[in-house]
Amino acid sequence: MTTDTVPVETETRPLHKRIDLKDFGILGGLLAIIVYLSLSTSTFFTGQNIVNLLDQAVVIGLLAVGATLCIVSGVFDLSSSATLAVSAIAGVYFTSQFGVGVGFALALLVGALLGTFTGTMIVATRVNSFIGSLAISIIYRGLAVVLTGGMILAVPAEQLEGFRVWATPVFGGISGGTILFAIAALVLGFVLWGTTFGRRIYAVGGNEEAARLSGVRTPLIHISVFAINGVCAAAAGMVLASRAGSAQPSLGTGMELTAIAAVVIGGTSILGGAGAVWRTVVGVIILTVIGNGFNLLRWDTTYQQVVTGALILIAVAADAWLSRKSRRAGG
């Protein structure tokens, strides 16, 4: 069995350690946007605006780095924003009962359990992950309404200051949430890039059947990435709850789509088997900088959606073109 797994790890190593054209494309695109905004406004490169940019990127960033592992492994998780809401509600409740530290830890545990359940259902039923996770997201949103009675659940006043830890500046104006996002990106980036588990994620996403025949437990890999995504969603939920001092069933609605957009814009293949967490971080920054630029330039934010949609279309088209080119070169 151990000899069977060697080819998978050897063959997939170049997929995520090489540098290709998409690496330079996304970095060049980000640099071009930054240069334009720096020349067009006098406030873009101020310290306060940079801190605001980092803070704005946190929630989508946490959702996106978790989604990266799912997409690289060949699955989608549309339940992450609903997991975010349920986990935040649980975090607020447990905080009121046991304190801030325990509340945050239990919120992450709830996210992990919800992610594990989602992954298990997708694997057990063999339904398409896109449709299956969408259905499960509806269940989780309903669960959030049941748990709260459709009401806002607030942290007790005496615990509010401690609960706002992820919204409070730690040093240089940088918030605890920004540091949390940075840690999550570094840890998951290393997991995906430098571990056996990460190589197996690439293998499953690249060719699930070949990975299975080589001894990789593909169902376990898929369940694991859903569980990790659940933890990231719970962390994002606690950041949002920390900012508001409360949680509600509609928290984070639609954010999973923006997170997936950041992953795709960053250059991770929607077909699976290729991508990186650092690319996703660049994709998140691009979306955040575009939104910030519209505000600084006082442009109509309605057109921001048009720009975002165009970027997604370009990224998907480029991925399809590069995939066809790679297949022709390999054939």
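Which residues does Thr68 touch, not counting residues up to four places away in sequence?

1. Thr68 touches Leu192, Val263, Thr268, Ala276, Val277 and Thr280 once residues up to four places away in sequence are set aside; contact means heavy atoms within 4.5 Å. Thr68 is found in helix 3, and its relative accessible area is 0%, so it is buried. The accessibility classes are buried under 20% relative accessible area, exposed over 50% and partly exposed in between, with a 1.4 Å probe and protein chains only.

2. On provenance, this is a predicted model, in which local features need pLDDT of at least 70 and side-chain atom pairs count only at pLDDT 80 or more, while totals for chains, interfaces and linings use all residues. Residues are numbered from 1 along each chain as its sequence is written, and side-chain values use heavy atoms, with hydrogens and water left out.

3. The chain has 14 helices and four strands. These are DSSP runs numbered from the N terminus, with helices being H or I of at least four residues and strands E of at least two. Of the 331 residues in the chain, 49% are buried. Among contacts between residues at least 6 apart in sequence, 79% join residues at least 24 apart. The chain exposes about 15,500 Å², and carbon and sulfur atoms supply 68% of that area; accessible areas come from the Shrake-Rupley method with a 1.4 Å probe, and for residues only the protein chains shown count as cover.

4. The largest nonpolar core has 83 residues, and Leu62, Val65, Leu84 and Val277 have the most contacts inside it. Helix 3 gives the most to this core, with 13 residues. Such a core is a set of buried Ala, Val, Leu, Ile, Met, Phe, Trp, Tyr and Cys residues joined through side-chain atoms within 4.5 Å. In soluble globular proteins, nonpolar side chains tend to be buried together. Leaving aside neighbours within four places in sequence, Leu62 is in contact with Leu180, Phe181, Ala184, Cys232, Ala235, Ala236 and Val239.

5. Leu69 also has its place in helix 3 and is buried, with a relative accessible area of 0%. Residues up to four places away in sequence not being counted, Leu69 touches Leu188, Leu192, Ile201, Val225, Ile228 and Val277. Leu69 and Leu192 are 123 residues apart in sequence, yet their C-alpha atoms are 7.4 Å apart in space.

6. The second largest pocket has a volume of about 450 Å³. It is lined by 18 residues, of which Ile60, Thr258, Leu287, Gln304 and Thr308 are the closest to its centre. On a 1 Å grid over the protein atoms alone, a pocket is an open set of points where a 1.4 Å probe fits, with protein on both sides within 12 Å along at least five of seven lines, and lining residues have an atom within 4 Å of a point. Grid points are joined across faces, edges and corners, and the volume is the space filled by probe spheres set on them.

7. Helix 3 (47–72), helix 12 (255–265), helix 13 (277–296) and helix 14 (302–330) each supply at least two residues of this lining. Helix 13 has the largest share, seven residues. By residue class, the lining divides into seven nonpolar, eleven polar and no charged; Ala, Val, Leu, Ile, Met, Phe, Trp, Tyr, Cys and Pro count as nonpolar, Asp, Glu, Lys and Arg as charged, and the others, Gly among them, as polar.

8. Ile312 has its place in helix 14 and is partly exposed, with a relative accessible area of 27%. Neighbours within four places in sequence aside, Ile312 is in contact with Ala261, Val264 and Ile265.

9. Most residues other than glycine have a negative phi. Arg126, not a glycine, has a positive phi of about 60° and is found in the loop between helix 5 (100–125) and helix 6 (129–148). Arg298, not a glycine either, has a positive phi of about 60° and lies in the loop between helix 13 and helix 14. Arg126 counts as exposed at 77% relative accessibility, and Arg298 is exposed at 74%.

10. Gln159 is found in the loop between strand 1 (153–154) and helix 7 (160–163). Is Gln159 buried or exposed? At 17% relative accessibility, Gln159 counts as buried. Residues up to four places away in sequence not counted, Gln159 touches Thr95, Ser96, Gly99 and Val100.
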